[in-house]
Amino acid sequence: MASFIPLSVPNFQGNEKEYVNEAVVSEWVSTGGSKVGDFENAIAHYVGMPRAVACNSGSSGLHLAAMVAGLGKGDEVLVPTLTFIAAVNPTTRYVGAEPVFIGCDDSLCMDPAAAERFCAERCELQGERLIDKATGAHVKAIVVVHVFGNMADMPAFLALAEKYHLILIEDATEALGTHYTEGPLKGKFAGTIGDVGVYSFNGNKIITTGAGGMVVSNHPDWAEHAKHLSTQAKADELQFLHDEVGYNYRMTNLQAALGLAQIEELEGFIAHKHAMWQMYKDALDGKNGYRILDFDENGVRPNKWFYSLYLEDDRHDRDSLIAALQKEKIQTRPVWALIHEQADYPGSQAYGLEKAEEYRKRIVNLPCSTNLTREDCQRVIDLLLSL
Ligand SMILES: *Cc1c(COP(=O)(O)O)cnc(C)c1O
């Protein structure tokens, strides 16, 4: 009987057991212990930032980002509609702000041209505040998601943020390791370019701590504020004085132990992601109505976290294809349902949706674990070509 091929699972072949065992033996398994700080330093060093703040998920990291950016009631935030809902809920609903949904370009990331059109046509600058003419609200921030490890068009978003006085939040939860190799942003990593950026170490991400996240910021005081909010906003540790409403968003020493081992493997994982993507691409592109979507590699080294099989015409029905793969124990999934159509966002504004609607209908994500073998990859390919 053929074995199950999962979509995206953890890969522990390095020092994971050793470092986790050190944490257990030391009995520092909760939020104290030296490994949290060590993992913060390791991530900061890897992405070239002075400081990184650990937290217990990417979602809590995004909530921290929205809070340190000062988003709240009466504010509007430009967000993508084609993404995971955790890019949107924590940066809008959790803080009382309203989303304005924007469609994607061919990178699957937010289309900067559609965002620009919204700002130019639907809004007006009043001093340094961009005001939505229809609602009177202050349009205060953009949340850009680096979808599947593709770099969003950051020069365009930086220009937009500057022109309209917008805070730029990067959801880099899928894009640890993606960075510019050429041009004005050469050497800059996804997550480190805007005002504040967030990574995730959920089990399906490129490296995992079981669950976890990290916040980085180009404003040192924002990073410190994120740390403060994530640790119950203690103003005085001994006397239990709290100077605002904080959260218990802390990462544990056990999680950080896993993370320290995983970061050692990251570049190898990315090389494997590239190799398996190429194998799918060579075997499937242009065959049987299939295309493997490209990553932007023009001046960018993407991490190629998730692979997208694009169904070019109506030869294949997306959900029947997924079911046929499932029958052979191959796990795939459609790309996300658009968020402006989800239960909690009725009547939200949404612009430039054509491509997002098309990609929503036509993308199937293929198995992409960093321990996917060439044999398993070939099994997926053979089945797809037989359908
Ligand atoms: C995974 C993910 C998140 C949330 O991260 P968690 O660690 O699972 O909370 C947020 N945004 C996007 C785009 C993601 O893929």
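Visitor: What is the relative accessible area of Tyr94?
Guide: This is a predicted model: local features need pLDDT of at least 70, side-chain atom pairs count only at pLDDT 80 or more, and totals for chains, interfaces and linings use all residues. Residues are numbered from 1 along each chain as its sequence is written, and side-chain values use heavy atoms, leaving out hydrogens and water. Buried means under 20% relative accessible area, exposed over 50%, and partly exposed in between (1.4 Å probe, protein chains only). Tyr94 falls in the partly exposed class because its relative accessible area is 47%.

Visitor: How far apart in space are Tyr94 and Ala233, C-alpha to C-alpha?
Guide: In sequence, 139 residues separate Tyr94 and Ala233. Ala233 belongs to the loop between helix 6 (220-230) and strand 11 (234-236). From C-alpha to C-alpha, the distance between Tyr94 and Ala233 is 18 Å.

Visitor: Is Ala233 buried or exposed?
Guide: Ala233 has a positive phi of about 50 degrees, although it is not a glycine. Most residues other than glycine have a negative phi. The relative accessibility of Ala233 is 0%, so this residue counts as buried.

Visitor: Is Phe240 buried or exposed?
Guide: Phe240 lies in the loop between strand 11 and strand 12 (241-242). Phe240 has a positive phi of about 55 degrees, and it is not a glycine either. With a relative accessibility of 59%, Phe240 therefore counts as exposed.

Visitor: Which side chain makes a polar contact with the side chain of His340?
Guide: His340 sits in the loop between strand 16 (333-334) and strand 17 (349-351). This residue counts as buried because its relative accessibility is 15%. A polar contact is a pair of N or O atoms within 3.5 Å; within protein, one must be able to donate a hydrogen and the other to accept it, and residues adjacent in sequence count only if both atoms are side-chain atoms. At 2.7 Å, the partner of His340 is Thr81.

Visitor: Which residue caps the N-terminal end of helix 4?
Guide: Helix 4 spans residues 112-122, with Pro112, Ala114, Ala115, Phe118 and Cys119 buried. At its N-terminal end, a side-chain oxygen lies 3.0 Å from the backbone nitrogen of Ala113. That oxygen belongs to the capping residue, Asp111.

Visitor: How many residues surround the ligand?
Guide: A residue is near a molecule if one of its heavy atoms lies within 4 Å of it. Among the closest are Gly58, Ser59 and Lys205. The shell divides into 5 nonpolar, 8 polar and 3 charged residues. The number of surrounding residues is 16.

Visitor: How much of the ligand's accessible area does the protein cover?
Guide: An oxygen atom of the ligand is 2.7 Å from a polar backbone atom of Gly58, and a polar side-chain atom of Thr173 lies 3.3 Å from a ligand nitrogen. An N or O atom in the side chain of Glu174 is 2.5 Å from a ligand oxygen. Accessible areas come from the Shrake-Rupley method with a 1.4 Å probe; for residues, only the protein chains shown count as cover. On its own, the ligand has 380 Å² of accessible area, and the protein covers 93%.

How values were computed
Ala, Val, Leu, Ile, Met, Phe, Trp, Tyr, Cys and Pro count as nonpolar, Asp, Glu, Lys and Arg as charged, and the others, Gly among them, as polar. Helices (H or I, at least four residues) and strands (E, at least two) are DSSP runs, numbered from the N terminus.
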